[in-house]
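Morning, everyone. I will go through a few contacts in one structure, and I will keep it short. Please have the view open.

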Amino acid sequence: MDVFWFLLIDGIAWGAAYGIVALSIVLVHTVTRVVNIAQGEYATLGALGFYMALNVGGQVLTMAVCGAHLALAALTIGGNVLKKRRFLLAAEWNLGTALCLALAWVLVAATGGNYWAAALYAMVLAAAFAVIIFRLTVRPLMNASPLVLVVCSIGVFLTMSGLSLALFGAEPRPIAPVSNGGVMMGPVFVQYQSLLIALSSIGVMAALYVFSERTMTGRALRASAVNRDGAEICGIPVLWAGNLSFVLAAVFSALGGLLLAPMITASYDMGLTLGLKAFVGAAMGGLAEYPAAVIGVLLVGTIESFSAFSASSFRDVIVYTLIIPILIWRNAVKPPEDH
Amino acid sequence: MPDLKIENLSVGYGKHPVLSDLSMGLDAGEAVALLGANGAGKTTLLKAAQGILPLFGGRVIFDGEDITALSSDRRVARGMVLVPENRELFPTLDVRTNLELGSYLKPMGRHTRLDWVYSLFPILAERSRQQVKTLSGGEQQMVAIGRALMSSPRLLMLDEPSIGLAPKIIREIFDVIGKLRDEGMTILLVEQNARLALGASQRGYVMEIGHLVVEGTARQLESDERLKKAYLGMNTKTADENSP
């Protein structure tokens, strides 16, 4: 019986980490229509960026990313001046992220790699990548079909995983958990790290809920997800909303990655499996419904944990095969409808 | 003083022009009907004015300022707003949220404007917490107009507000349009129902496959033979039945 509880708790902890990434996938898909195959890569960036910041490294990377942002901002401002638009238009994301990244790095350097400062830096780093990727791959394709967007995101995935390999190297990086040890919850011992993952996941969900239900910006994001043309007519800047969804998703995924890293060691290819498993969970809600996506990832986490125990060599096979019954169930319960 | 001025406008979908070299204008506080048969390009003209379609050429001037390069949301911020033909509401959000999103760019005075919209369309106040997709077509049209009004526009552009609605509802909606006109709002009204549109306007244009063919006061147009010609194939009886 102890084994059962242990596996269940373990599964929920994994599911919670996948959940953060799955919510990112749903957020990006509803607002921008991009089925983002590359979402897991932000988790990789989060984990490896976290490792780097803990060791107070990454000056060059930080400067390079900031430089890329400043270059993009200069291009945008130049274009706006030529077209006689307000010149800061659309450059605010680049300028903003460059500033935040520089500040986060200063914070890391000043605190000598403090745990929380490093986590903050990792999330801002992922956001900085998201802004560049949105600008280069999604903005030019605003009116493309969803299929084109998927193919494009596969390209982004390949590029990002190659980039992670080049930037951080191939060897796995061990990351210490927030605190060793844990607490006894009933019959089982729960690690602090698992608790932190579960709490963060709940925190992200709650924040996302409050944001989209209670704030005007959040409602505008929802509105863009429901009807992009309608949002445009309301004066909601749809591009801006897409950009925001990409940034929020990157921050959440990076958080998921850096929280999960101590349990699996961070490596350049961790994002693929993380992203795919989150994707299986998100498919439960048709990549559009948050609650169903959460149920999906908890299912994925638990099934993975039990199959790792009883049929460990088939663990991933079983998890990925789940997508078939999920899609059949989805089609039976809620046939896809045209908008 | 012209409120909206369109100069030598060319616009279309993809590479195919629908309108070419079209010019027109609206004075401040004026209600103007834009008439014409299906496919004449009326909707295209409104979308171009709002900045939803990229222009091939020409200029759009609003309140004396060239807004050709501005995106659609910047135009809303300046006070022009479109109520599109297919309404483009947010069906899964409730009435109140739909209305509030109309004031996304103008949070100041949101509550006052909400009360104003509710007073224009009292039924919306009753339906406030209902999902928009559960509303009737007429109520949805009211939400669409109400949402546009939430941005406190100076220029309201309406695309076929009567389409598919019962005569009683059409009358209610046109009463409100008349009220807005009397309050001094500039209105550009696209309608297939010519009699209805001219009844609510001071002036009108008639469009025929991408061109403006006739311009005149509402009274002149009502008795103009060319108007009937522009509607070749239009059954005048149907128009009568739809009139309030």
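In which hand, left or right, does helix 3 of chain B pass helix 4 of chain B? The crossing is right-handed. Before going on, note that this is a predicted model.

Now the geometry of that pair. Two packed helices are described by the angle between their axes and the distance between those axes. Helix 3 of chain B covers residues 95-102, and helix 4 of chain B covers residues 110-120. Their axes cross at roughly 125° and come within 10 Å. Because of that angle, helix 3 of chain B counts as oblique to helix 4 of chain B. On the helix 3 side, the contact uses B:Arg96, B:Leu99 and B:Glu100. On the helix 4 side, the residues are B:Arg110, B:His111, B:Leu114, B:Val117 and B:Tyr118. Sorted by class, this contact has four nonpolar, one polar and three charged residues.

B:Glu100 forms a salt bridge with A:Arg219, and the closest N and O atoms are 2.8 Å apart. Across the interface of chain B and chain A, the rule finds one salt bridge. Chain B gives 24 residues to the contact between the chains and chain A gives 21. About 1900 Å² is buried between the two chains, with 65% of that area from carbon and sulfur atoms.

Last, a pair inside chain A. Helix 5, residues 115-138, packs with helix 10, residues 238-264, at an angle of about 140°, and the axes are 8 Å apart. That angle makes helix 5 of chain A oblique to helix 10 of chain A. The crossing of these two is right-handed. Helix 5 of chain A contributes residues including A:Ala119, A:Met123 and A:Phe134, while helix 10 of chain A contributes residues including A:Gly242, A:Asn243 and A:Phe246. By class, this contact has 18 nonpolar, two polar and no charged residues.

Conventions
Residues numbered from 1 in each chain as written. Chains lettered and ligands numbered in written order. Predicted model: local features only at pLDDT ≥ 70, side-chain atom pairs only at ≥ 80, totals over all residues. Heavy atoms only, no water. Axes fitted to C-alpha atoms, helices over the stretch in contact; angles between N-to-C directions. Helix = DSSP H or I, 4+ residues; strand = E, 2+ residues; numbered from the N terminus. Parallel < 35°, antiparallel > 145°, perpendicular 65-115°, else oblique. Left-handed = near helix turned anticlockwise from the far one by under 90°. Contact = heavy atoms within 4.5 Å. Nonpolar A, V, L, I, M, F, W, Y, C, P; charged D, E, K, R; others polar. Buried area = accessible area lost by both parts, 1.4 Å probe. Salt bridge = Lys/Arg side-chain N within 4 Å of Asp/Glu carboxyl O.
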